[in-house]
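Please keep the sequence and the coordinates at hand while reading.

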Amino acid sequence: MENTAILEEPITAQKCSENLSSVEDAIYVIGGKWKLKIIIVLQESGNIRFNELQRNIQGISARVLSNELKDLELNGFVKRVVHAEQTPVVVEYISTDYSRTLKPVIMALSDWGRKHKKNIREDVFEK
């Protein structure tokens, strides 16, 4: 497989350090087993209740989902909406505009993952 990346400018040690720091920050916020899955389901589902969200993410426990939703809410990716005027009270989760800024990143990861899986199946890597 050929690397066709063309660099516009030489990467300095400082630029490399800045890039590593930025990637580390991003992975800290959206990394882990569940956060991107939650974000994707919320983006595709619109308003969704806790139990429905849990059903859509196979294998996640209620406790873990609750903790992840709190983290995502703190970081501006999820909004928790309480409908107290209803009986019983209904709580829904929605993705925020900020969360939707991840859409191109998610699509790029999806495309890359699909290509990588194909490369693994076709054994295109040199041994």
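Lys35 is buried, because its relative accessible area is 9% and buried denotes under 20%, exposed over 50% and partly exposed the range in between (1.4 Å probe, protein chains only). Lys35 lies in helix H2; helices (DSSP H or I, at least four residues) and strands (DSSP E, at least two residues) are numbered from the N terminus. The side chains of Lys35 and Glu68 are joined by a polar contact of 3.2 Å. Such a contact is a pair of N or O atoms within 3.5 Å; within protein, one must be able to donate a hydrogen and the other to accept it, and residues adjacent in sequence count only if both atoms are side-chain atoms. When residues up to four places away in sequence are not counted, Lys35 touches Val29, Ile30, Glu68, Asp71 and Leu72, contact being defined as heavy atoms within 4.5 Å.

The model is predicted: local features need pLDDT of at least 70 and side-chain atom pairs count only at pLDDT 80 or more, whereas totals for chains, interfaces and linings use all residues. Residues are numbered from 1 along each chain as its sequence is written, and side-chain values use heavy atoms, with hydrogens and water left out.

The largest nonpolar core comprises 18 residues, and Ile38 and Leu53 have the most contacts inside it. A core of this kind is a set of buried Ala, Val, Leu, Ile, Met, Phe, Trp, Tyr and Cys residues joined through side-chain atoms within 4.5 Å. Helix H2 (35–45) and helix H4 (62–74) each supply at least two residues of this core, and the largest share, four residues, comes from H2. Beyond its neighbours within four places in sequence, Ile38 is in contact with Leu53, Ile57, Ile60, Leu65, Glu68, Leu69 and Leu72.

Gln54 belongs to helix H3 (residues 50–56) and, at 24% relative accessibility, counts as partly exposed. Apart from neighbours within four places in sequence, Gln54 is in contact with Ile60, Ser61, Ala62 and Leu65.

Two further helices can be checked against their expected span, which is 1.5 Å times one less than the number of residues. Helix H1 (residues 13–30) has 18 residues and should span 26 Å, which agrees with the 26 Å between its end C-alpha atoms. Just after H1, Gly32 adopts a positive phi of about 100°. Asp123, with a positive phi near 50°, follows H6.
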